[in-house]
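Reader: Could you take me through this structure and tell me what stands behind the terms you use? I would like to see each term set against its definition.

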Amino acid sequence: MKPTNSPKTYRVKSFGCQMNVYDGERMADMLDKRGIVPAPEGEEADLVVLNTCHIREKAAEKVYSDIGRLTKAGRKAGKEPLIAVAGCIAQAEGEEIMSRSPAVSVVVGPQAYHRLPEMLDKAVQGERATDTDMPAIAKFAALPERTKRFPTAFLTVQEGCDKFCTYCVVPYTRGAEISRPFADLVDEAHRLAERGAREITLLGQNVNAWSGADAKGDSCGLDGLIRELAKIPELQRIRYTTSHPNDFYKGLVRCHAEVDKLMPYLHLPVQSGSDRVLKAMNRSHTADSYLRLLEEMRAARPDIALSGDFIVGFPGETDAEFEETLALVDEVGYAQAFSFKYSPRPGTPAATMDGQVPKEVMDERLQRLQAALNRDQLAFNEASVGKTCEVLVERKGKLAGQWLGKTPWLQSAWFEGEVAIGDLVEVELVEAGPNSLAGKLRETVVA
Ligand code: 5AD
Ligand code: SF4
């Protein structure tokens, strides 16, 4: 590679889950600190960080088409950008990317991105650099202070996964489960709140497996951390995602009943309603144990909005087993959910299992499942009409005077009135659509 000028502008493009969004923000913080600025909207950047996702094939294909598009656009403009590939594809296929895509200068995994600035220095000198080491936790201490102001913020508290569901690449790309220390998290949350965060979402691949020692040195779980963060006065709302059914415990359920700032929303993936499929997935819970857990949650917090993830067409899934998934959906009545066609991932046990389901069958099942989930989401929104609730103002709406925010149940709500981003306002929900609600402003709660 030829030496090149130091980049002056950057763009970080994050794909996939919220943990990638958090990582993308932290990489942007590092670039800001170096004096590189975000490229203006519509302009090509000198440096592009593709923060990739490996979870399904479709997500993974995007990186190569993006690299192709960037190189072509760069050639046309007479200035090819520096390309850094970060995230889970970088971790899983770093070498392959380097050999397949000569335009890529940097490959950096999710546990090594704190070294991005040094790697860029090398790239500017014409050296290609790869770092996919997985040192536990080191990166967080090495990251710069966060400076941007947002009313909502993500805070990664736990990373990695030891569950080894047979379809999933995460245990291979993100490594073993680790929890960030209590004191670091409380500190980061305080600083986020000082910079305007009114809502923090605690992130982890298995966030409810978080464990640590509190200020007194006593061991505590996610509930202890949530109770501590709830003491931060500026912080009005706490959420967490994604949980695993097997990591739930009474204390966390109780937290939903007792901590007002913990929002009434739970994302709890189940993947399938069939016990045979769940076993083949190595989920180590049953449809029934999952449903009982949701019952406990509803007993603790009757208005809780439930969300889940589903996979259709796991190898060997029969029509009757798929019907069990539909039956589970009917029983739960989700407020929101995410559903995917099974995608074989290289190196996972399910990829080589017998009984791979034909694409047409998966398409048909996904359509039926999504129709049921959409029906329930609309029903949940419709049932909210008439309620008055707090909405955290996140951004301006499309029309002048219009604002958009989230209800406690994570629904998007829009309304008109004299408010500012970051206000927590009382809104009466007056009309429901499939993806949002219209509201009427009542009064400003927090200025
Ligand atoms: N194919 C399809 N969906 C998958 N997920 C994880 N791995 C796969 C795969 N190989 C889905 C699961 C998980 C969500 C983040 O992505 O539903 O909960
Ligand atoms: Fe993947 Fe299962 Fe771990 Fe979730 S719990 S990240 S689906 S292996």
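Author: Residues 8–125 are 51% helix and 20% strand, with end C-alpha atoms 15 Å apart. UniProt lists this span as "domain: MTTase N-terminal" in an unreviewed entry. This is a predicted model, in which local features need pLDDT of at least 70 and side-chain atom pairs count only at pLDDT 80 or more, while totals for chains, interfaces and linings use all residues. Residues are numbered from 1 along each chain as its sequence is written, chains are lettered from A and ligands numbered from 1 in the order in which they are written, and side-chain values use heavy atoms, leaving out hydrogens and water.

Reader: What makes a stretch a strand, and where is V12 placed?

Author: Helices (H or I, at least four residues) and strands (E, at least two) are DSSP runs, numbered from the N terminus. V12 belongs to strand β1, residues 9–14.

Reader: Why does V12 count as partly exposed?

Author: Buried means under 20% relative accessible area and exposed over 50%, with partly exposed in between (1.4 Å probe, protein chains only). V12 has 21% relative accessibility, so it counts as partly exposed.

Reader: Which residues does V12 touch?

Author: Contact means heavy atoms within 4.5 Å. Not counting residues up to four places away in sequence, V12 touches G24, A28, L31 and V49. V12 and V49 are 37 residues apart in sequence, yet their C-alpha atoms are 4.7 Å apart in space.

Reader: Why is H54 called buried?

Author: H54 has 4% relative accessibility, and therefore it counts as buried. H54 sits in the loop between β3 (47–52) and α2 (57–77). Beyond its neighbours within four places in sequence, its contacts include C88, I89, V169 and R345.

Reader: Which residues of helix α9 are buried, and what covers them?

Author: In α9 (residues 250–258), the buried residues are G251, L252, V253, C255 and H256. Their cover includes α8 (222–229), β13 (237–241), β14 (265–267) and α11 (287–300).

Reader: Which annotation covers residues 147–379?

Author: UniProt has "domain: Radical SAM core" there, from an unreviewed entry. Over residues 147–379 the chain is 38% helix and 18% strand.

Reader: How do you know which residues surround ligand 2?

Author: A residue is near a molecule if one of its heavy atoms lies within 4 Å of it. Residues surrounding ligand 2 include C161, C165, C168, H244 and R283.

Notes. UniProt positions renumbered as here; feature names shortened; annotations may be inferred.
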